[in-house]
Amino acid sequence: MITFRVTLNVKIGLIVIVLSTAAFIWTYSMPLRSMELFIPRISLGLMGLGGFLIILKDFLEPAVKIMEPKREQVLPFLAGVPAAMWLYGWSFRNIGILTSTFSFLMIWWICISIRDAKRTDSMKSVAPKILKLAVLAFLVTASVQLLFIELLNMYMPSTFLP
Amino acid sequence: MFDMEAMREAFFTVFALDTALFIMIGVIVGISVGAIPGLAHSLPIALVLPFSFVLPIHQTMGLLIGTYKGGTYGGSITAISFGTPGTSGAAATVADGYALTKMGKGKKALQMGLYASITGDTLSDLALIFLVVPIGMMAPRFGPAELSALYFLALSLVIVFSTENPGKGILSAGVGFFLAIIGRDILTGGLRFTFGVRYLEAGFPLVPLLIGFFAVPEIIKQIKKIITEPDDSGVVGEAAEKLLNLKEEGLTLKEFLSSWRGLGLGTLIGTFLGALPGPGATLCSYTAYSVTSQFSKDVNYGKGALEGVATAEAANNATCGATFIPLLTFGIPGSSIAALLMAALIMEGVPVGPRVVVDHTVVVYTLFLLLLLANPFNLLFGRLLIPVYSKLTRIPAAILWPVIAIVLVIGTYALNNRPFDIVICLIAGLIGYFFKWFKLPDGPLVLSFLVTPLFEANFRQAITISRGDYTYFFTSGISQVLWIVTILTIFFFVRKRRKTDARISGD
């Protein structure tokens, strides 16, 4: 007997089918010629077919062990890491490439060093470690300036700080 | 067929100090990154891609080819030293390589890995040189109908080869198609799916997409690991490092030559499968490894045989030259890394496609010479720096990844000095993360993204020529053969997969 299993694959497959079908229908209300929409419709059709086959595989092969994606807390990192990278992009264009590169690296490394020191109960050695990391951050910042600004002549808008 | 004047020009371009310097930098970066587990070797290629805007083609391609070859070999260092493959392509090397290290023969295994890689790589480059020009000369005979059939075949191959679940391959290809059609229509100029964003009118930018798709998911994954698993995010293989004694006796010529079966089969299978769109280095090395196991007379095969290391390494490096065969003949990138190399060629103003051998002969010869020249550099730095590379795994992740993130953001901005490219890179990164999490293969997306403009142009040209008659796609002999091959390939793989699934269910 085939039993329908609502796995994560099935849920994502269903979402893909719904979204691609909605977009496929939407293309008929677009002010474009049918030839202009031929490939877009193929792409949406492929997405829908892919979603359908993903569901079908879990549905038709109940004896096969399903390799489900891991359910783990990634949302904060999915939002946080790209946001931090965008913020760095904004800051080097508006504050200054040297200041923002050095600050970003130092903020990150200080936080990690303090956390590790607390974890291993070695707060006494944290100050020299941070000093070493400051030298490293300075070297990375200088390399970035040398590579992108001096060698590659990357355009930089004028900023208040270097 | 052979253009002596073009070869002379290419020779003097390549055999110059600046080119050698860029190949050397590429090889060192490639091996270093390849030797660090967790760093995919598409990452350094994605990171150096922005340089193609400022460097001439021989320097850019020297840098990228050096990185590619070095990275493909570099994965074997940690696979042999610590039992942790630096790249997925070196996974087949672990069984025999790490077993040899535990038996106190780590140095022999590392040297076999290096020599087998260089052998496979060089023979594959020679196969490329002898095959590309004849195929490339035939390529202009392909009209719009034949090319449409060929692109369809390439996409089908990538989908069937790249994943256990065909649905996931098709979904990945669909997303690639969709991203590629965003922007102005190639014939009429009508705007498609730009959602009013002015920057998207020129299309979804290629390089920020590739950089973000390959590098950002890795950054997110590693930063998460650093924060949530502080005990595991430090160094790799610290304990296993004690096993590796680099002062022991090295590989002898007799031992190297006695693995001729593995070297030959690895090179042959790696070259053949590497020339097809889809399989990639991992599948090639596993296929060669299992085929050789049927012929090997070494009773230790799989438990610590030099022949096992030779097979896996010759096969995964033999894909390096072979992956250029479909790229330089029809503009079809055989793997994700070939797609990155294709992007670099496009940015250098070389319209990769069926006419590239005829119209850009000097560039094609330059690539041949660069591929050949990168091998001695790979051999030299692989041999000299093995002790250094096996210590690279000790770089703390908390220091490495923020630096990579910073270089990535500035590199993306430096392409066009456009902040919007950073946004595209991050969006592509989120798409890439979803792909990794849901185990969607990246090959179909990248291939369809690059092939869709060519496919659409040829398809619509064919429709215009035939005045809307779809039978035009099946009239010529070449297109009939291509459609038959496509149908047979799909049929063969569907049947094979059903059998495999049935066997798993039975077990």
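## A loop glycine in chain B

B:Gly83 is partly exposed, because 18 other C-beta atoms fall within 10 Å. The classes run as follows: a residue is buried with 20 or more other C-beta atoms within 10 Å of its own, exposed with 12 or fewer, and partly exposed in between, the C-beta atoms being placed from the backbone. B:Gly83 sits in the loop between α4 (57-82) and α5 (94-102) of chain B. Helices (H or I, at least four residues) and strands (E, at least two) are DSSP runs, numbered from the N terminus. From B:Gly83 to B:Ala99 is 16 residues in sequence and 8.4 Å in space, C-alpha to C-alpha.

## Basis of the model

This is a predicted model: local features need pLDDT of at least 70, side-chain atom pairs count only at pLDDT 80 or more, and totals for chains, interfaces and linings use all residues. Residues are numbered from 1 along each chain as its sequence is written, while chains are lettered from A and ligands numbered from 1 in the order in which they are written.

## Chain B overall

Chain B holds 22 helices and two strands. Its radius of gyration is 22 Å, close to the 23 Å from the globule rule for 507 residues, so chain B is as compact as a globular protein of that length. That radius is taken over C-alpha atoms; the rule is 2.2 Å times the number of residues to the power 0.38.

The C-alpha atoms fill a box of roughly 70 × 60 × 50 Å along the principal axes. Of the 507 residues in chain B, 60% are buried.

## Helix α9 of chain B

Helix α9 (residues 206-228) of chain B has 23 residues. At 1.5 Å a residue they should span 33 Å, and the end C-alpha atoms are 33 Å apart, which agrees. The expected span is 1.5 Å times one less than the number of residues.

A kink of about 30 degrees is centred on B:Gly212. The bend is the angle between axes fitted to the seven residues ending at a residue and the seven starting there. α9(B) is mostly covered, with 18 of its 23 residues buried.

## Contact between chains A and B

The contact takes 50 residues from chain B and 48 residues from chain A. Two residues are in contact if their C-beta atoms, placed from the backbone, lie within 7 Å. Elements giving two or more residues to the chain B side include α8 (166-181), α9 and α22 (477-506). α8(B) gives the most, eleven residues.
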